[in-house]
Amino acid sequence: MKKTKQFIIPILSLVIISIFSIFIITSYINIHTFKQHIKKEIKSKKEIYLQKHKDKIYRQVHLVDNSINFFITQIEKQIERDLKKRIKISLNMANHIYTTQKGEISDDEIRQKIVKHLGAIKFGENRDYFIYDKKSEILLGDIAKKSIKIFNNSLEKKKIGFSKLRYDDSDNFRIICVSRFEPLDIIIGTQKCFAEAEKNIKKRILERFQDFKLSKNNYLFFLELHNIDGGDDFATIILNPSKSNLVGKKLNENSEDAKGQKFRKKLLKELKTSGESYIKYWYKEIDSQKIKPKISYYYLQKNWNWIITSGFYFDNLEKEIAKMENSINQYTKEAIFNSMLWVLFLLSIVIFISIYISFKINRTIKSYTDKLVLNEKEKKLDYQSKLSQMIELTRAIGIQDKYQNLETSIKQITEISSLTLNISRVSVWIYQKNQTELDCLDLYSLKNKNHTSELNINGKKNLNYLKVLQSNKILAIDDVEKNDITLEFRENYLKPLNIKSMLDISIKSEGKIIGIVSYEQTNKIKKWSQDEMDFSKAISNSISLLLEIEHRKKTDLLLTKKNEEQNILLSLFDIGDSVLFNWNNDEQWSVKSVSVGVKNLLGYKKENFESGEIDYKSCIHKDDLDRICMDIENLNNSNAKFFKHNPYRLITKMGEVKWVLDYTVVVKENGKINNYIGYLSDITEARLKEEQYMQQSRLAQMGEMIGMIAHQWRQPLGAINSAVIGIQTKLDLEKFDLDLKEDREKFMRFLNRKHKNIYKYVEDLSQTIDDFRNFFKPNQDKKLIHLTTPIKRALSIVETSMSSKTINITKDFQNNDKIWIYQNEIMQVILNILKNSEDNFKDKNKKNKKIHILTKKQNDTYIIELSDNGGGIDKNIIDKIFDPYFSTKDEKNGTGLGLYMSKIMIEEHNKGQLKVFNNQNGAVFSIILKSQKN
């Protein structure tokens with residue numbers, strides 16, 4: 001007999017070569033992918049680092065610019081108010097002289113008398129008043145006639161006009177205020193030089209930013225620009241908090257950086273065209289002489305011809321990139337080492353299995369080939385013995401399928417079964433999920449020697465046949481023409497294929513029928529023997545085993561993928577700034593697990609928590625603990641699945657306070673809460689910025705409040721001034737003869753009445769100061785006060801000012817319950833909203849200006865509603881008005897912090913809501929406050 005060929009060595013060689021090839025290719029792809037990822041990370045980190053620090057230095061520079069513009073605007077307004085007050089005094093005096101002397105002396109004599117009185121008044125070293133008539137004849141003061149046309153233009157359609165004027169070629173200018181005295185048709189004016197005030201502002205700005213706190217990686221300095229076109233000494237350093245020894249140094253446009261670049265030429269060119277510039281240049285480290293880059297942002301402050309500059313170094317970025325590059329090398333070494341270990345481990349297992357399978361296949365093939373060359377005598381063996389060998393063959397294929405493709409194994413089974421039993425067609429069918437249709441995995445035709453799979457048995461057309469299959473483990477039909485079960489598909493399936501006999505066996509898995517194995521004999525009727533049925537059952541069991549193996553393989557693959565995804569997710573927390581806490585629902589909230597990032601947040605290692613050395617509850621600030629416990633209790637009672645805490649404080653290992661934002665998820669088992677998973681983000685820096693925003697908002701609002709004080713004082717000061725002028729005028733005109741007793745008594749009564757009026761006005765001034773002083777006191781605690789109290793106190797500050805501007809304020813107080821609130825913060829929000837309405841009226845030149853204030857109660861909330869008829873807020877910006885630094889008042893030097901801080905004060909401090917919407921008339925701001933305990 002011919003010796004059977006051995007397959008052990010080829011199979012082992014193929015397995016080993018395949019594993020090594022896969023290992024080399026996979027390792028190369030993984031390492032290459034990781035390096036590409038790191039390169040992208042480095043590029044992204046550079047971009048983020050640059051943009052973050054560019055934004056930072058941009059804000060620093062424009063903080064200085066905003067401060068300069070704010071002070072300039074405020075001092076100009078103050079000068080205008082002073083000049084306006086002087087003009088009103090002069091008009092009162094002129095009017096008094098005119099009304100008392102009219103008819104007694106001529107208009108020319110009255111004019112001369114007014115000139116005499118005003119000429120005697122001085123507010124400083126020089127005479128402040130000047131007077132000229134309609135013929136441009138100068139009656140008082142030293143002014144140029146060519147300036148009179150400018151003064152007249154400023155008075156068009158105005159009672160009092162303002163203009164700015166330079167008398168020489170210097171940058172200093174004077175602010176001029178003029179008004180027409182109608183009875184005599186003369187112009188009375190006064191002026192004040194801006195130079196001294198501006199000098200003081202510059203000094204204040206330099207002093208303010210001299211001690212400006214900067215990080216080690218950041219710097220700030222000011223330059224005074226002499227020549228925008230450049231030159232040897234085009235600018236002088238006037239401020240450098242980090243290097244005060246450089247103050248006074250002159251700068252040359254031809255100076256070069258460490259790489260020989262004349263970066264100042266480019267700087268001056270960009271400042272000249274756009275007024276700002278980002279410049280990257282290079283410097284040498286003092287110790288190492290290593291050349292490093294830095295970026296500066298230059299901004300030209302045109303009012304004073306200053307260049308404000310802030311910049312940053314790249315030190316931190318270089319450290320982070322070096323760390324990432326080091327991680328590439330470390331990861332590559334570890335990946336190769338770990339891969340080698342896994343390859344050796346897997347190779348040993350696969351070689352062992354391959355040897356076992358190879359021997360098994362070798363024996364099976366040898367047995368099969370030996371039977372093909374048997375002589376006639378051997379072919380006459382007992383049929384029962386032949387079937388037993390067929391069953392063993394099928395089982396061997398089933399075992400083999402653990403290590404090969406399911407489709408290939410099924411094809412082997414159908415083909416070998418057809419050859420073994422000499423059956424025309426053998427097929428395997430699997431039920432769909434709806435159990436009403438069968439899909440073909442494979443059909444082998446012995447005649448055509450081919451495999452087919454794109455077949456389907458429709459349950460609607462073959463309903464009776466499918467029901468019989470579901471209720472029978474085996475269905476043997478010797479003659480399909482005489483069996484009613486085949487009636488449904490006899491004409492369109494059996495007859496065209498000339499099928500005469502059928503044998504169908506159920507495939508079961510976990511006690512359920514999941515498919516069938518079908519044997520079909522064509523051209524002649526076949527009577528199915530018990531041996532053939534037993535053989536078909538063994539084939540069915542083998543296919544069931546194959547399907548279960550395939551299912552487990554898919555399940556294992558999904559589970560592996562899921563575990564990989566979970567590990568990737570957890571790894572994100574290990575390398576990020578956020579922390580993932582998993583704590584038990586016990587009294588101390590003991591920690592089950594925590595991400596590695598907890599070391600950066602709290603200073604403790606994850607092992608300190610997971611070992612029980614420290615629990616989560618002990619890290620919560622004592623002033624926030626009750627609130628957090630109440631949040632958890634409410635979460636449990638509400639049956640919610642997750643919850644967002646309001647920001648709270650944690651105490652680190654070193655005793656530092658950190659603010660966090662916490663999203664908590666509830667994990668339940670059998671309907672009971674087992675543990676919580678919290679996602680913590682460090683927002684300490686954001687809270688510090690919020691406090692800075694609050695201070696900036698206070699400073700900005702203080703400027704507006706000072707304006708309100710001036711307006712409140714204007715009426716009593718005017719009355720005091722009028723009373724004093726009245727007394728002086730009575731004495732100057734000798735209305736009382738003090739030598740006569742009767743006149744002395746009249747004068748004393750007159751003087752006593754004026755003194756009482758002056759005393760009352762002084763009391764009003766003092767009360768105004770007290771109101772504003774109380775307003776700027778910080779709230780330490782909530783107070784139980786009536787809902788309308790902060791509204792009334794706010795109105796006491798602005799109502800007079802708004803009334804003078806013809807703004808009608810109406811009130812509808814439908815509720816005045818007592819409520820726990822921070823009173824001054826509610827006042828500040830109301831004042832801010834009222835001032836915004838006033839500015840809106842002014843911008844839109846509104847005639848009939850109205851503001852309505854409403855209070856009401858809805859369920860357990862209290863509402864303060866402020867609405868106006870100013871036309872509303874543009875729908876394109878209404879969603880942005882609460883954003884920090886968003887302002888529509890650029891021309892008026894708006895800070896963009898008012899409404900942002902108002903929202904924080906209402907929603908975070910007072911636990912309420914601040915909303916805005918438009919109605920048919922204008923904007924409506926709604927302050928919603930909850931009824932709560934202190």
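Mentor: A contact here means heavy atoms within 4.5 Å. The model is predicted, so local features need pLDDT of at least 70 and side-chain atom pairs count only at pLDDT 80 or more, while totals for chains, interfaces and linings use all residues. Residues are numbered from 1 along each chain as its sequence is written, and side-chain values use heavy atoms, with hydrogens and water left out.

Trainee: With which residues is I727 in contact, leaving aside its neighbours within four places in sequence?

Mentor: I727 touches F750, L751 and K754, once neighbours within four places in sequence are set aside. The C-alpha atoms of I727 and L751 are separated by 7.3 Å, and these two residues are 24 residues apart along the chain. I727 itself belongs to helix α16 (residues 684-732). Helices (H or I, at least four residues) and strands (E, at least two) are DSSP runs, numbered from the N terminus.

Trainee: Is I727 buried or exposed?

Mentor: Buried means under 20% relative accessible area, exposed over 50%, and partly exposed in between (1.4 Å probe, protein chains only). I727 has a relative accessible area of 13% and therefore counts as buried. N639 counts as exposed because its relative accessibility is 52%; N639 sits in the loop between α15 (622-638) and β21 (642-644).

Trainee: What do the totals say about the protein as a whole?

Mentor: The protein has 20 helices and 31 strands. Of its 934 residues, 42% are buried. Among contacts with a separation of 6 or more, 59% join residues 24 or more positions apart.

Trainee: What is the strand order in the open sheet of 5 strands?

Mentor: Strands of a sheet pair through backbone hydrogen bonds, either parallel or antiparallel. Two strands pair if DSSP finds at least two bridges between them. In this open sheet the order is β2-β1-β5-β4-β3, with antiparallel pairing. β2 (138-140) and β3 (160-165) stand at the edges with a single partner strand each, so one side of each has no neighbour in the sheet. Neighbouring strands of the sheet are turned by 30° against each other on average, direction ignored.

Trainee: Over how many bridges do β3 and β4 pair?

Mentor: β3 and strand β4 (residues 174-181) pair in the antiparallel sense over 6 bridges. At one of the positions, L165 has R174 of β4 as its bridge partner. Helix α2 (residues 107-119) packs on this sheet and touches β1 (129-133), β2, β4 and β5 (186-193); its direction makes about 50° with that of β2.

Trainee: How are salt bridges read?

Mentor: Side chains of opposite charge can pair when their charged atoms come close. The rule asks for a side-chain nitrogen of Lys or Arg within 4 Å of a carboxyl oxygen of Asp or Glu. The count by this rule is 18 salt bridges. In the one between E520 and R425, the closest N and O atoms are 2.7 Å apart. This pair links distant parts of the chain, with E520 in strand β18 (residues 512-522) and R425 in strand β12 (residues 425-431), 95 residues apart. E520 is buried at 4% relative accessibility, and R425 is buried at 13%.

Trainee: Where do K527 and D478 lie?

Mentor: Their side chains form a salt bridge at 3.7 Å, N to O. K527 lies in the loop between β18 and α12 (530-575), and D478 in the loop between β16 (474-477) and α11 (490-497); 49 residues separate them. K527 is exposed, at 67% relative accessible area, whereas D478 is partly exposed at 26%. Elsewhere, D624, R627 and R649 are linked in a network of salt bridges.

Trainee: At what angle do α18 and α19 pack?

Mentor: Two packed helices are described by the angle between their axes and the distance between the axes. Axes are lines fitted to C-alpha atoms, for helices over the stretch in contact, and angles run from 0 to 180 degrees between N-to-C directions. Helix α18 (residues 789-804) and helix α19 (residues 823-843) pack at about 35°, and their axes are 8 Å apart. Residues in contact include I791, L795 and V798 in α18, and I826, I830 and L834 in α19.
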